[in-house]
Amino acid sequence: MPEPTKKDETETENAPPPPEQKTPQDGGTEKGKVWSIGDGAPEETEKRDDSQRSTLFVEKPQSGSVSVGGNITFIAKVEAKDLLRKPNVKWFKGKWMDLASKAGKHLQLKESFERHTKIHTFEMHIIQAKENYAGNYRCEVSYKDKFDSCSFDLEVTESSQAAPSIDIRSAFKRREVKQQEEEPEVDVWELLKNANPSEYEKIAFQYGITDLRGMLKRLKRMRREVKKSAAFAKGLDPAYQVDKGGKVRFMVELADPTVELKWYKNGQEIRPSTKYIFEHKGNQRILFINNCTMTDDARYYVTAGDEKCSTELFVRDPPILVTKGLEDTNTYVGERVELSCEVSEDDANVKWFKNGVELTNEPKSRYRIKVEGKKHTLIIEEAAKNDSATYSVMTTGGQSEAKLSVDLRPLKISLALEDQTVRLGQEIHLKCEISENVQGKWYKNGQLVEASDRVKLYHKGRIHRFIIASAAVDDEGEYMFVPDAYNINIPCKVHVVDPPKLHLDGLGENNTVTVVAGSKLRLEIPITGEPTPKVMWSKGDKWITDSGRIRAETYPDSSCLVIDTAEREDSGPFRITLKNEAGEDTALINIKVVDVPDPPQAPNVTEVGEDWCVMTWEPPANDGGSPILGYFIERKKKQSSRWMRLNFELCKETTFEPKKMIEGVAYEVRVFAVNAIGISKPSMPSKSFVPLAVTSPPTLLAVDGVTDTSVTMKWRPPDHIGAAGLDGYVVEYCFEGNGFSQGISTDLSEELVEPPFNLEADEWIVANPELTDKTRFTINGLPTGSKILVRVKAVNAAGESEPRYHPQPILVKEVVEPPKIRLPRHLKQTYTRRVGETVNLVIPFQGRPRAKVSWQKNGSPIDKNQINIRNTENDTIIFIRKAERSHSGEYDMKVEVENLVDKATIDIQIVDRPGPPEIVTIEDVWGENVNLSWKPPKDDGNAAITGYTIQKADKKSMEWFTVIEHYHRTSATINELVIGNEYYFRIFAENMCGLSEDATMTKESALIAKDGKVYKYPVYDDFDFSERPLFTQPLINTYAVAGYNATLNCSVRGNPKPKITWLKNKVIIMNDPRYRMFSNQGVCTLEIRKPSPYDGGTYSCRAVNELGEAEVDCKLEVKVTQ
């Protein structure tokens, strides 16, 4: 139960404030006080608005009185008839202390519900009341937007049997146990008023202030200035303080002694009694309060007519004294330590410190603080070395300190470790006992041993155990236990022994070991035993020593029988014997000497392929005393010395087919015989052989040309040639009637390897007696009108390939193909090049036989000294190494085949930079402006003039500066010239090749006069730019290639800007992803993405504005490439 604080300053429902509290003068008095700390507000603003309250209580808690040590219960009841759920109830002491968090031994809060009457009952029980429980309490109930509150007082009186209490706290003094004389009295309010807010809690503890928050709010009201009052000649002081049990005197002096005066405490009028005594002395009105208790700690005010004067009364508790101090203590590690002191009051607030650092009573702390009435105890359950320190206790009225010394208790060895000898695999159990229950560490050969799955460490009380369930050889050594914090160790030795044992698991049946004659035998027998056993070998009655051809070698974990060169006489039983202090072991080992088979004879290669061969051999004459299990085969390149194993599983037969050889490389093969003993020496190598294969047939055999006496065939090389390479081709033919079958294929695209007819080999005629390395061959000397069938073979070092047949008989008669020029797309428009660039145009055409090509320029023959023309059977090339402007013109190409002709025209334009403009004149000079005019250049460079560049130069410096670029007209006005300067001007012409090399300069200069004439600007009528749509460049008929994007272009002008619409076959093109439409500066473009023959047709471009419309169209033809 916390200490109750000062009474609540709000009014109760049963005692409304007098009318004087609501006057403006009263409000001014409250605002004018000079003491202001915290967030306190005037008393009237702290009250809840009556409109927000509603009556919820059916029974309110009433004020009561109880003796010290007695019990009292306060009851509040709320009717639940109109409530859907339980209301929220809170109990407070003073203004802000919520008692729900203080419930415990001295305070209990209970609630219950009566279903028949629908009444909620809330109870607050105060058990074993103390004097400081006195004060003002408040009960608040709320439900949604409803609220009700009730205040009541608790008075705690002294029991008649109790001894009079010593009111030491009334002076708010801090006392020391060692210094009993009183210190000068301290005004806590002055301290709080002048202190930094961060020091408030320190001052509150030092001087026993329990309700610091409420005190700061009251201090804030006390700091306000008191305005001058007409009713009071002298008012109350801002605050009074008195010791508990003391007497206080309030005095005011009235300006008019006839005014009625009333005194109030927390808004309730004070009536005269033995406690409250009133006195009148002239204009002075005095109130005495006798035997002040904590319930008198409140706000008081006095009213005179419509004015009032208020003050605060603070009742001080006596400080807590340390009546019995701490004592110095010596103890041992692990012991329970209790440091106790006694204070002057029960359940007082006491703080503990260790070396000046405060100790808290948290659950995880190793320090526990115990309070029994006036006795306070600090408990350490198991003292440690680091608990040695200076411990102190502090109260509001004194402090005490003592030293705690924690030492180690003398250690005695009750049971020492004993030396042990343990067999391998048995348990190692080390045990010791010491006089103290302390931890410790185990060491082996000076190294710390940690607990693990194999090593178990146990500590129970004073006994320490070290256990290894299964001893190993490595566990032997010196062990030692060292207790923590003590300079002592307990040693012992552990010796691990193991009987000797031979491990013969790796030997064969009956412990038989087979060795090849002439080879070295090294038979290693694993042995175990601790200590290392002695090993002895013997054969019959003869002991085997560690030297000679047959000898024994002994190692810590094994023994070896060594026979340098095995002989058949070495066969027989050998005995091995082991001995050590733990026992003996012996065994017989049978040695059998055998030999490997003889090598087979050299193998024969009977057949060779592209990357394989077939080889055979005979079995060896001697199998070495063991049946032949199979053979291993190896091969190598003839020029190499590295043999490669071909089979990893034994070959049971005497025939083998090596594969994956490299064609054209010479190889040799050999054979090994294998029996149970091992592998024989290799046979002699076979004779060298080379894997080779003929090529695959030629591909794509087709007729390239036919005349009246010859047939030209063409083909592609074989798909697979091989390492033997390709020496050439053989072309063969035969005439119709020599056994043609009726089932000849009519599919010209079909390639035939098998002949479509039955012919004997001698009926085919070889067209080329010598091999040809070309893939085109002409068969000459054929009779006109005959039919032949043709086949082609590829030949290499391995022979002839399978023939490739032409699927149809070929008629020996020339076929006329009409000429056709395939003009590239970029040559269908004007072909433009600059002077000095190279012109190289290739124009393909078709036509047979013997197409004739001719060229003309502008209707005249071409001068072959300036222009090179080269013609082939399929194309013609026009080449100009360094173009000149004289090469511009229209070039006409004509292809003739007999009486058939095809023509094409190419427009070539060679352009150069233009010449300078003609005469430049200064038309007028006015103000800062000069008007220039000029004539276009005589030489436009064979290209349209795209603009002019105008420069100016001051006559003094003659440095030229550009003033206008890309100007299109032949007159211009130069502005912002400097008055007083004289200028020359020059103009460059510009076309697609750039600016002219020279410029034309004005003959005269233009002087910008300082006092020039006022230029009168001519008046011009506004020009009407409105114009109906007009196509300046129409659409042209276009050929497109299927699968390649095509574009249609035209240009249009009009004002306002016309709306452009594209149509195909008079149908508007809309939202079709295959078409993209552009319009930039009057140029309209329709892009057709990857057209097909179905995209051909008539395309139209329609331009519409408010003045009219215009439309142009063209035809698009989409061709499919062959």
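Biologist: What should I know before we start?
Modeller: The model is predicted, so local features need pLDDT of at least 70 and side-chain atom pairs count only at pLDDT 80 or more, while totals for chains, interfaces and linings use all residues. Residues are numbered from 1 along each chain as its sequence is written, and side-chain values use heavy atoms, with hydrogens and water left out.

Biologist: How many aromatic pairs are there?
Modeller: The count comes to 21. Rings of Phe, Tyr and Trp (its six-membered ring) pair if their centres lie within 6.5 Å; planes under 30 degrees apart are stacked, over 60 edge-to-face, and the rest tilted.

Biologist: Why is the pair Tyr137 and Phe152 called stacked?
Modeller: Their centres are 5.9 Å apart and their planes sit at 15°, so the pair is stacked. Tyr137 is in strand E9 (residues 135-143) and Phe152 in strand E10 (residues 146-157), so parts 15 residues apart in sequence get tied together. Strands here are DSSP runs of E, at least two residues, numbered from the N terminus.

Biologist: How do you know whether Tyr137 is buried or exposed?
Modeller: Buried means under 20% relative accessible area, exposed over 50%, and partly exposed in between (1.4 Å probe, protein chains only). Tyr137 has 0%, so Tyr137 is buried. Phe152, at 1%, counts as buried too.

Biologist: And what makes Trp934 and Tyr967 a tilted pair?
Modeller: The centres are 6.3 Å apart and the planes at 55°, so this one is tilted. Trp934 lies in strand E72 (residues 929-934) and Tyr967 in strand E74 (residues 960-967), so the pair ties together parts 33 residues apart in sequence. Trp934 has 5% relative accessibility, so Trp934 counts as buried; Tyr967 has 21%, so Tyr967 counts as partly exposed.

Biologist: What makes Arg645 a charge over a ring?
Modeller: The rule wants NZ of Lys or CZ of Arg within 6 Å of the ring centre and within 35 degrees of the ring normal. Arg645 lies over the face of Phe632, at 4.1 Å from the ring centre.

Biologist: Which residues have the most contacts inside the largest nonpolar core?
Modeller: They are Phe74, Trp91, Met124, Ile126, Tyr137 and Leu154, in a core of 27 residues. Such a core is a set of buried Ala, Val, Leu, Ile, Met, Phe, Trp, Tyr and Cys residues joined through side-chain atoms within 4.5 Å. Ring pairs also link Phe74, Trp91, Tyr137 and Phe152 into a cluster.

Conventions: Helices (H or I, at least four residues) and strands (E, at least two) are DSSP runs, numbered from the N terminus.
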